[in-house]
Amino acid sequence: MTRFAAVDLGASSGRVMLADLSDGLTLTEAHRFPNGPVRVAGRLHWDVLGLYREILAGLRAAGPVSSIGVDSWAVDYGLLDESGALLGNPVHYRDDRTQGVAERVAAEVGAETLYETNGLQVLPFNTVYQLLADRLDRAATMLLVPDLLAYWLTGEMGAEVTNASTTGLLDVRGRTWAYPLIERLGLPARLFPPLRQPGEDIGGLRPDVAAELGWSAPVRAVGSHDTASAVAAVPATGPAFAYVSCGTWSLAGVELPEPVLTPESRAANFTNEAGIDGTVRYLRNVMGLWLLQECLRAWQGADLGQLLKAAAGEPPFAAVVNPDEPVFLPPGDMPARIAAECRRTGQTPPVTEAGYVRCVLESLALGHRRAVRQAMELSGREVEVVHLVGGGSRNELLCRLTADACGLPVVAGPAEATTFGNVLVQARAAGLVSGLDEMRALVAAAGPLRRYEPSGDARAWDEAAARVFPGAL
């Protein structure tokens, strides 16, 4: 068979996609469903049981396939007891339970030791900090979200390495669990299941799952961190590229053969995450389209298409903010927080919804610029083009602003890069595709891609960058 199912879970929606490689590479959406946090007794959770129900509905709609792959966002997990039962719904990474934990760990262990071990940027919601804020006395195993769903499908426990690399508890060089760090932090070693590589066979569907679907197929490990799958599907034709995987978050950086663990890299808060085929995703998280999504939630009924058209005509750089300010991380009234940040930095806040959209997109473009330029400088990697993939590639204004800000051509697309990467790893395991180069060529041929050349006033972008990121490139 040449049909493969990709379960692709994002922070705001999930989907089951059907790919066919009988004549090139085609994608069909079998099922799409919303995903979002649920607040219970002051704690923010994921409705993981609801997600599993929707996944089964999507697989039924997809019909028989050669194999199934599951990817999702990173860092979040479920805890299982000795019988394999889930102890509680996974806590959402935007929950505030980890306040102060990262600072405490850095003081106890040392920021240098942490970075030398795991190569990760410091984010307050990294798995290591969540575990230290959790109750672990009844927990026998920790499974990251895609591994948890694969376990429910197959009955097999494990941890896929690209997602495990986001926990802060994986050795960045050896790609094994960092047991000396785990022990030093006082975390139980029993929590960490065997590691898997992308392409490995996890197992067949449980008999009850196969009976419910009416068919059976193996579940394969893919780049289960959605960014790992997205970067594998960047339609690049050579190594001189940067990427921006843009959705709720923007992950901006370069692909490298080895991690960069210099003091300068740590100071710049760059991360070294595991990619497909031993590659390193050297990148920084930028807050992403979350800012725009939360604005739209505040403006109930707003028409995004009309707002984007109006924003294109707004005066440039009337107000710009650092999109990575911690105040923007939790859910809430985003326009009010943007306005407060403008006032704090001596700027007049926007007065129209279109003005806020312009502010958000220019601020994101500046965040992309800083990440791409610093990735080049810190890694020594030459970059000739920026590939912007994911849902943000549909936003023409953001793509154009990113090209102008970076001073580099931007190739936008595919929007479904994560799904492409997911199914192509499965197809390679089935012997239909060879290496990354062929995978990326198939994605490029599937199209459509759009190229944006840099234009506008480069000096104005320099001045705006200096306002938002003093001392940045």
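This is a predicted model: local features need pLDDT of at least 70, side-chain atom pairs count only at pLDDT 80 or more; totals for chains, interfaces and linings use all residues.
Local features need pLDDT of at least 70, side-chain atom pairs count only at pLDDT 80 or more, and totals for chains, interfaces and linings use all residues. Residues are numbered from 1 along each chain as its sequence is written, and side-chain values use heavy atoms, leaving out hydrogens and water.

The largest nonpolar core has 139 residues. A nonpolar core is a set of buried Ala, Val, Leu, Ile, Met, Phe, Trp, Tyr and Cys residues joined through side-chain atoms within 4.5 Å; buried means under 20% relative accessible area, with a 1.4 Å probe and protein chains only. The members that touch the most others are Leu59, Ile68, Leu149, Leu153, Leu205, Ile338 and Leu361. Helix 14 (residues 353–379) gives the most to this core, with 11 residues. Helices are DSSP runs of H or I, at least four residues long, numbered from the N terminus. Not counting residues up to four places away in sequence, Leu361 touches Leu289, Leu292, Leu308, Asn395, Leu397, Leu398 and Leu401, where contact means heavy atoms within 4.5 Å. A second, separate core of 27 residues includes Leu79, Ala102, Val109 and Phe192.

Helix 14 also packs against helix 18 (residues 458–468), at an angle of about 90 degrees and with the axes 10 Å apart. Axes are lines fitted to C-alpha atoms over the stretch in contact, and angles run from 0 to 180 degrees between N-to-C directions. The two helices are therefore roughly perpendicular, a class that covers 65 to 115 degrees. Glu362, Ala365, Leu366, Arg369 and Arg373 of helix 14 meet Trp461, Asp462, Ala464, Ala465 and Val468 of helix 18. These residues divide into six nonpolar, no polar and four charged; Ala, Val, Leu, Ile, Met, Phe, Trp, Tyr, Cys and Pro count as nonpolar, Asp, Glu, Lys and Arg as charged, and the others, Gly among them, as polar.

Helix 16 (residues 417–429) and helix 17 (residues 436–446) pack at about 130 degrees, their axes 11 Å apart. On the helix 16 side, Phe420, Leu424, Val425 and Arg428 meet Leu436, Met439, Leu442, Val443 and Ala446 of helix 17. This contact has eight nonpolar, no polar and one charged residues.

Ala228 lies in helix 9 (residues 226–232) and is buried, with a relative accessible area of 2%. Beyond its neighbours within four places in sequence, Ala228 contacts Thr162, Gly223, Ala274, Ile276 and Arg281. The C-alpha atoms of Ala228 and Thr418 are separated by 7.8 Å, although these residues are 190 residues apart along the chain.

How values were computed
Buried means under 20% relative accessible area, exposed over 50%, partly exposed in between (1.4 Å probe, protein chains only). Angles under 35 degrees count as roughly parallel, over 145 as roughly antiparallel, 65 to 115 as roughly perpendicular and the rest as oblique.
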